[in-house]
Amino acid sequence: MLQFIGLILIAAPLIFQIVMGRKAIGEDIRMKFGQVCLLSFALQVVLSIAGFFIFYSGFVQDVEDNEFRCGMPLVGLIFLILIFSFLLFLVMIIQFFIKRRYDKFS
């Protein structure tokens with residue numbers, strides 16, 4: 001169960017950026033688009049570290065009785081964090097161009 005919570009924490013900033021970035025573009029919230037991007041980036045860093053340690057503690061509890069331990073799930077988790085970070089930046093760039101076009105026509 002801890003591993004699942006760790007994965008949710010890693011994906012949360014991307015979901016936050018998609019939802020709140022759209023609201024910031026449409027000016028439905030008080031936060032500006034830049035503030036949403038900065039907060040999303042900070043959340044990505046903090047929640048990725050927290051998610052990794054939560055996943056790691058659950059992983060250690062699962063393999064505690066085994067004589068041999070394989071660290072490949074942790075390497076996979078690191079690459080998953082990198083993929084979510086890349087997707088976050090991609091969403092930020094796409095939303096930036098949408099905002100620029102939206103401001104141009106408004």
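Phe 53 counts as exposed because its relative accessibility is 51%, where exposed means over 50% relative accessible area, buried under 20% and partly exposed in between (1.4 Å probe, protein chains only). This is a predicted model, in which local features need pLDDT of at least 70, side-chain atom pairs count only at pLDDT 80 or more, and totals for chains, interfaces and linings use all residues. Residues are numbered from 1 along each chain as its sequence is written, and side-chain values use heavy atoms, with hydrogens and water left out.

The protein has three helices and zero strands, in the order α-α-α from the N terminus. Helices (H or I, at least four residues) and strands (E, at least two) are DSSP runs, numbered from the N terminus. The C-alpha trace spans about 65 × 20 × 15 Å along its principal axes. The radius of gyration is 17 Å, whereas a compact globule of 106 residues would have one near 13 Å; the value is taken over C-alpha atoms, and the globule rule is 2.2 Å times the number of residues to the power 0.38.

Phe 53 is placed in helix α2. Together with Phe 41, Val 45, Val 46, Ile 49 and Phe 89, Phe 53 makes a nonpolar surface patch of about 560 Å². Patches are made of residues with over 30% relative accessible area and no salt bridge, with like charges joined within 9 Å and nonpolar side chains (Val, Leu, Ile, Met, Phe, Trp, Tyr) within 5 Å. A salt bridge is a side-chain nitrogen of Lys or Arg within 4 Å of a carboxyl oxygen of Asp or Glu. Accessible areas come from the Shrake-Rupley method with a 1.4 Å probe; for residues, only the protein chains shown count as cover. Helix α2 (residues 33-62) gives the most to this patch, with five residues.

Ser 48 also lies in helix α2, but counts as buried because its relative accessibility is 7%. The table lists contacts (heavy atoms within 4.5 Å), leaving out residues up to four places away in sequence.

| Residue | Touches (within 4.5 Å) |
|---|---|
| Ser 48 | Ile 10, Leu 43, Ile 81 |
| Leu 77 | Leu 7, Ile 10, Phe 52, Phe 55 |

The largest nonpolar core has 19 residues, of which Ile 10, Leu 14, Phe 33, Leu 77 and Phe 84 touch the most other members. Helices α1 (2-25), α2 and α3 (72-105) each give two or more residues to this core, and α3 supplies the largest share, seven residues. A nonpolar core is a set of buried Ala, Val, Leu, Ile, Met, Phe, Trp, Tyr and Cys residues joined through side-chain atoms within 4.5 Å.
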